Amino acid sequence: MPVSSRRKRSRDPDRPSGVLSERAAAALADARPVPFWTDRPERPDPRAALTGAAPRTDLLVVGGGFTGLWAAIQAKEADPGRDVVVVDAGRLGDGASGRNGGFLAPSLTHGLAQGVGCWPDEMRALDRLAAENVAAIEKALTAYGIDADHHVPGELTLALTEHQVTSVRESFELHRAHGMPVELLDAGQSRARVDSPRYLAGMYDPEVALVDPARLVWGLARAAESLGVRVHEHTRATGFDAEGVGVRVSLDGGSIHARRVVLGTNASPGVLKRLSAWVLPVYDHVLMTEPLTPAQLASVGWQGREGLTDAGNQFHYYRRTLDDRVLFGGYDANYHFPGRVDPALEQSDASHGLLADHFLDLFPQLEGIRFTHRWAGVIDTTSRFTPVFGTALGGRMAYAVGYTGLGVASTRFGAAVALDLVDGKDTELTRLGMVRRKPIPFPPEPIRYAAVRATRSSLAAEDRTGRRNLWLRTLDRLGVGFDS
Ligand SMILES: Cc1cc2nc3c(=O)[nH]c(=O)nc-3n(C[C@H](O)[C@H](O)[C@H](O)COP(=O)(O)OP(=O)(O)OC[C@H]3O[C@@H](n4cnc5c(N)ncnc54)[C@H](O)[C@@H]3O)c2cc1C
C-alpha cells in the first residue's frame, strides 16, 4: 500500500476502531501490552498490604504515585517525628507516574501560555516557584541517591504544518518576552538536530529534563522509607469518616485512624465524589520501540537526545531512552462515557495503530522498526489544565489532583500545597489564586461526553485548517479547555 493512502486512512477522525494499517500491524506484532517502564526485572517486590483494624497514624497519604510519595517525603522532612503511612490500591507506579513520557518540565501552569492566560499577575511568583520546585527535585535525587536517569537535554517543539510554524513563532515570542532562554529554529536547523522530513520549524527550550519515571517512583518510595514512612501496596482506601480529631479510613483489608489525610489519587473515580466535577479521566496511548541500531540512529541524528513534541492541539511527545529506544505517545486523548476507567481500555488498535503510522510518517527511514511495548495511562484533565486543590472533612483531608498531563515535576509542588492545606497553614502556596480558586467544573453526563466530543473534533479541525471555530472561541471566552 502506498504511504499516502495509509496516511489518509490513519488520519480519518471517524476511522473504525481496530483498524491497523499493514505496516502498523507488522510494527506492533510483538508488542507487549504493558508499560515498558514497569516491565523490567529491577521492579521491586510488592510491599505488604495494610490489613487488620485500628492502627493509627498522624498522616495517611492515599496514592503511591509522585504526588503521594512527594507528600510523604516532604511531611517527614518538615517534621521527622510525624508518623506517615502511604497506601496504594495497586502497585507503586501502576498509575500515571509509572506510565508517562518522563518529560520533567518546570512549568506549574501546563505551559507558559496557559499560565499567562489564567494568572497573569501571579506568573512571576509561579515561575520562581517552578524553578525552586525543580531545584528541590534535583537536590532530592542527589540527597537520596535516586538514579532515575535524570538528564537535561531540553525540549524541541516542532511545527509539522504551515500554521504550526506560526504558532511556534508566537510561542517563541511569548517565551522570549518572559525572559526564557528559548531558541527559534528553521526547518534546516530543526532537521540538523533530528531528521524528519516533516519538520518545518522548531523552538528549543533548554530547561526541560527527562527521567525514567518508574525508577523515579521506586527511588522516591525508598527515600520515603529511609525517612521512616511505612508504604503499603494492594491497600485501597474505600471510605473516609470524620472521627474525633481525625479520620477513620476504611481499607479493603481493614481500617486506619489518621489525624490527617492527603489524597494523591489522580483521576481514580470514587475516592472523593466531588472531584469528578473537576477532573476527567482521559486515556493517553504510548509505544516504545526496540533499541535503535547505530545505523538507525545515524539516520535520525538526535545526538542531543532532546525531548520532542509537535505543536498541534493533538500532539505527539517522543524521546530517547538511555538504551536508545524511542518512546512515542500522545495524539489521541480518549474520554470514555461516563468517565469510565478500566484496564480493558488500555489496548486500542485504533490509537496504537495511529501512533505507529504517525511514527513512520515522521521517520520513514525507520521503516521496519518494531515496537516492544504498547500501553495507555489515565490523564487527570481539568478545564484549565492545572490541578484542583482543596480540603474536605472539616480540613482533616486535602487533595491535589488534575495535573492534565504535566505532573512529573509539578506533583512535588502539588504535594507541598496539599500538606500546607491539611496542616491549616497560611503560606505563599495556599494564597495563590491557582490554589484558592477551583477550575470551572465540567457539565454532568451526558452533556459532558457530548461537549468533550465536540471539543475534540473542533481541535482536530483546527489542526487541519489552522482556524478556531465558534465552539472553541466560545470556550476560550469562558476560560475552559480540553487538553492532555
Ligand atoms: C501516558 C501518560 C504520559 C504522561 N507523560 C507525562 C510527561 O511526559 N511529563 C509530565 O510532566 N507528565 C506526564 N504525564 C502526567 C503525569 O504522569 C501525572 O501528572 C503524574 O504522574 C500524576 O501523579 P499522581 O501521583 O498524582 O497520580 P498517579 O501516578 O496516577 O498515582 C495515583 C495513585 O493513587 C492510587 N489510588 C487511586 N485510588 C486509590 C484508593 N482509593 N486507595 C489507594 N490508592 C489509590 C493509584 O493506584 C495510583 O497509584 C503523563 C501521564 C500519562 C498517563
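How many bridges join E12 to E15, and in which sense do the two strands run? E12 and E15 run antiparallel and are joined by 5 bridges, where strands count as paired if DSSP finds at least two bridges between them. The model is predicted, so local features need pLDDT of at least 70 and side-chain atom pairs pLDDT 80 or more, whereas totals for chains, interfaces and linings use all residues. Residues are numbered from 1 along each chain as its sequence is written, and side-chain values use heavy atoms, without hydrogens or water.

**Ligand shell**
- The ligand is surrounded by 37 residues, the closest being Thr67, Asp88, Ser97, Phe103 and Val408 (near: a heavy atom within 4 Å).
- Ligand oxygen atoms lie 2.5 Å from a polar side-chain atom of Ser97, 3.1 Å from a side-chain N or O atom of Asn266 and 2.8 Å from a polar backbone atom of Val408 (polar contact: N or O atoms within 3.5 Å).
- Of the 1,000 Å² that the ligand exposes when taken alone, the protein buries 96% (Shrake-Rupley method, 1.4 Å probe).
- Helix H3 (66-78), strand E12 (280-289) and strand E16 (371-381) each give two or more residues to the shell (DSSP runs, helices of at least four residues and strands of at least two); E16 gives the most, with 3 residues.

**Strand E15 and its partners**
- In strand E15 (residues 326-334), 9 of 9 residues are buried (under 20% relative accessible area, 1.4 Å probe, protein chains only).
- Leu287 has Phe328 of E15 as its bridge partner.
- Strand E14 (residues 316-320) pairs with E15 in the antiparallel sense over 5 bridges, and Arg319 stands opposite Leu327 in E15.
- The hairpin of E14 and E15 has 5 residues between the strands, and Asp324 takes a positive phi near 70 degrees there.

Terms used: A polar contact is a pair of N or O atoms within 3.5 Å; within protein, one must be able to donate a hydrogen and the other to accept it, and residues adjacent in sequence count only if both atoms are side-chain atoms. Buried means under 20% relative accessible area, exposed over 50%, partly exposed in between (1.4 Å probe, protein chains only).
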